[in-house]
Amino acid sequence: MILLLSVKMAWRSILGNKIRSALTMLGVIIGVASVITLVSVGQGARLEIQQHLQSLGSNVIEVYSHSWEAQFTPELLAELKDRISGIKHIMPVVHVGGNIKWRNTMFDCSGEGVGEDFLPLRDLELAGGRGFTETDISGRGRVMVVGSIVADKLFRGVNPVGQEVYMQGQRFTVVGVLKAKVSSDQEWGIDRTVYIPYSTALRLGGNSRIDTINIKAKGALESSQTAVQLKRIFYKLYRREHAVHVMSRDDMIQQIAEMNLIMTLMLGAIAGISLVVGGIGIMNIMLVSVSERTREIGIRKAVGAKNSQVLGQFLIEAVILSSAGGIIGILFGSGASHIIRHFGVPTAVTLASVIYSFTFALLVGIISGVWPAAKAAKLNPTDALR
Amino acid sequence: MSTIMVDVCSVTKDYYIGKIRIPALRGVDLQITSGEMVAIMGPSGSGKSTLMNILGCLDRPSGGSYKLHGEEVSKKNDAQLAEIRNNAVGFIFQSFNLLPQLTALENVELPLIYRGLAGKNRRAQALNALVRLGLKERLHHRPKELSGGEQQRVAIARAVAAEPEIVLADEPTGALDSRTGEEILALFQELHAQGNTVVVVTHDPNVAYHCERVMYLEDGIVVANEPVRAKDYLLAEEVLAALPPTGEGDAKA
């Protein structure tokens, strides 16, 4: 009964001063919405990295050249495969500029020159056609295998196998189409890539060289052993520590974990700041409104309100405003993260960010609403009315 | 039926500005019997409003004893005082002190809400008080939409709706023009005629003339306390004229 009346009175008071109520809620809305949006961006990036990691084959080691003296040759690759028993597949990778043209339509994608083992090495599967043969590689064949998104978006229903496309002015015949590897439609990534023989790719660029080696180890254990052996061999070969960069999947996972941690900390800090700023906004309005409302408190006490009754009203008011603001903030934040996703940045709203920011805003709202009111309620009615 | 309603015995009240003690009341003795209508007069700074606040339990005395209806009030805690304000006292302010966001009816309901009266009863009681004060047409107006006289009538309705033992009015006509003031005074006389105990603080001799007894305060002490003789309108002014010139006391009102 008393509670119901307090709710009624708080409600009247909120409606009776719409601007003040709106400003108070605004602080909560901004705080909650910004936290949810920021964290959703961070979470989206994290999920995307995870997806990328999954798209790489398992037990893959990547070797990059970091200097001109570190030139990888097919002979070197063959020697490595002989000397290291843990290697299952090894191939050179040559990155090529990725625009391709089919029937006067240009299409933006990334391109890689790879060896004949690229399908098992990258854990890729064909949806149609074939991969590369030894003859394709040795004969610098003008053949191409396209990713699923390329097949869908460029060829639009036409079977790409057998079609002729142009890449850097050279004519290629599509011989294979890959199955989709990652579900989402990304601007970059594995499904938006075209593959050609690395020997052909070396010819395309004129001065292209093999700067990357992909290796697939026989198993997880062999993977780390192979990485160690590779490092040792390359050190002997070039007498330098950083001429070549060997990165196993374990290394990548570790690096990504570190990156995730940094990103989490950074986003957490930004989110924390926006919550604090929002909180200060709430406190500001609440403090001002309470000193404004000392007279109201005086009147209520003069007609017989007990301190607890005055406080109850202010508490309920603060709860209503903060939680309404919090809910609107959640809606705004989710909406903003949805809009950002439309612009191509991956986002994912997390339950934790919703719960934490809502709780925080509620607490700040209640404390900053009730604490000054408690001070005002302790005044004599005469002092409050003055 | 002449029980003593208000029994004030050597009540003092000090204010502090920093560490400087400023006595506002310096030992006030006063008795008001039930059903009486008393005026408290005095120049500004004489302590009449301070005394009124103590009578209305809006403030505590610094010393002395104050018994309201036989109960010692000066020792009560905040919650008990709130209950006394709610049940026993109807206080009317010079500046009305209505809550601006509430309608007339809701303002009158306010003390009844804090008393814990249930919805229907409460509404009926508030409605009744407003109708008695001639505000039947103004129930759902906010204070801003009412004239000064109407606002004061709402404030009076709020004070009497709770059927208090004593009605206290601090300069009730101070913010009103003289005609509206007369109307408000007539209302107080009506309340008195219905058997209510009424205390009015005023500096207007005309207001005092409508009362049964006038008490003069000066510099925090009662300097005169006499009955108003029927139709003896000049008395108030005579007594006022006989008082020593004001200005030496700096006591806060």
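**Before starting.** I am working with a predicted model, not an experimental one.

**Sheet in chain B.** I started with the strands of chain B and traced an open sheet of six, ordered β6-β7-β8-β3-β9-β10. The pairing in this sheet is mixed. Which strands stand at the edges? I found β6 (89-92) and β10 (221-227) of chain B there; each has a single partner strand, so one side of each is left without a neighbour in the sheet.

Next I checked how β6(B) joins on. Its pairing with β7 (residues 166-170) of chain B is parallel and runs over four bridges. Within that pair, I see B:V89 opposite B:I166 of β7(B).

**Helix over the sheet.** What lies across β3 (37-41), β7 and β8 (197-201) of chain B? I get helix α6 (residues 178-193) of chain B, which runs at about 150° to β8(B).

**Cores.** The largest nonpolar core has 117 residues. Those with the most contacts inside this core are A:V32, B:A39, B:I40, B:A157, B:L168, B:V199 and B:V200. Helix α2 (residues 18-55) of chain A gives the largest share of the core, eleven residues. Another core, of 53 residues, lies apart from it, and A:V93, A:L121, A:V175 and A:I210 are among its members.

Leaving aside neighbours within four places in sequence, I find B:V199 in contact with B:I32, B:V38, B:I40, B:L55, B:I166 and B:L168.

**Where A touches B.** How many residues does each chain put into the contact? I have 20 from chain A and 21 from chain B. On the chain A side, the elements giving two or more residues are α1 (2-16), α10 (294-302), α11 (307-342) and α13 (381-385). The largest share of that side, five residues, comes from α1(A). Sorted by class, the side of chain A has eight nonpolar, eight polar and four charged residues.

**A loop residue.** Last stop was B:S44, in the loop between β3 and α1 (48-55) of chain B. B:S44 sits 9.8 Å from B:L217, C-alpha to C-alpha, although 173 residues separate them in sequence.

Note on methods:
Residues are numbered from 1 along each chain as its sequence is written. Chains are lettered from A and ligands numbered from 1 in the order in which they are written. This is a predicted model: local features need pLDDT of at least 70, side-chain atom pairs count only at pLDDT 80 or more; totals for chains, interfaces and linings use all residues. Two strands pair if DSSP finds at least two bridges between them. Two residues are in contact if their C-beta atoms, placed from the backbone, lie within 7 Å. Axes are lines fitted to C-alpha atoms, for helices over the stretch in contact, and angles run from 0 to 180 degrees between N-to-C directions. Ala, Val, Leu, Ile, Met, Phe, Trp, Tyr, Cys and Pro count as nonpolar, Asp, Glu, Lys and Arg as charged, and the others, Gly among them, as polar. A nonpolar core is a set of buried Ala, Val, Leu, Ile, Met, Phe, Trp, Tyr and Cys residues joined through C-beta atoms within 7 Å. A residue is buried if 20 or more other C-beta atoms lie within 10 Å of its own, exposed if 12 or fewer, and partly exposed in between; C-beta atoms are placed from the backbone.
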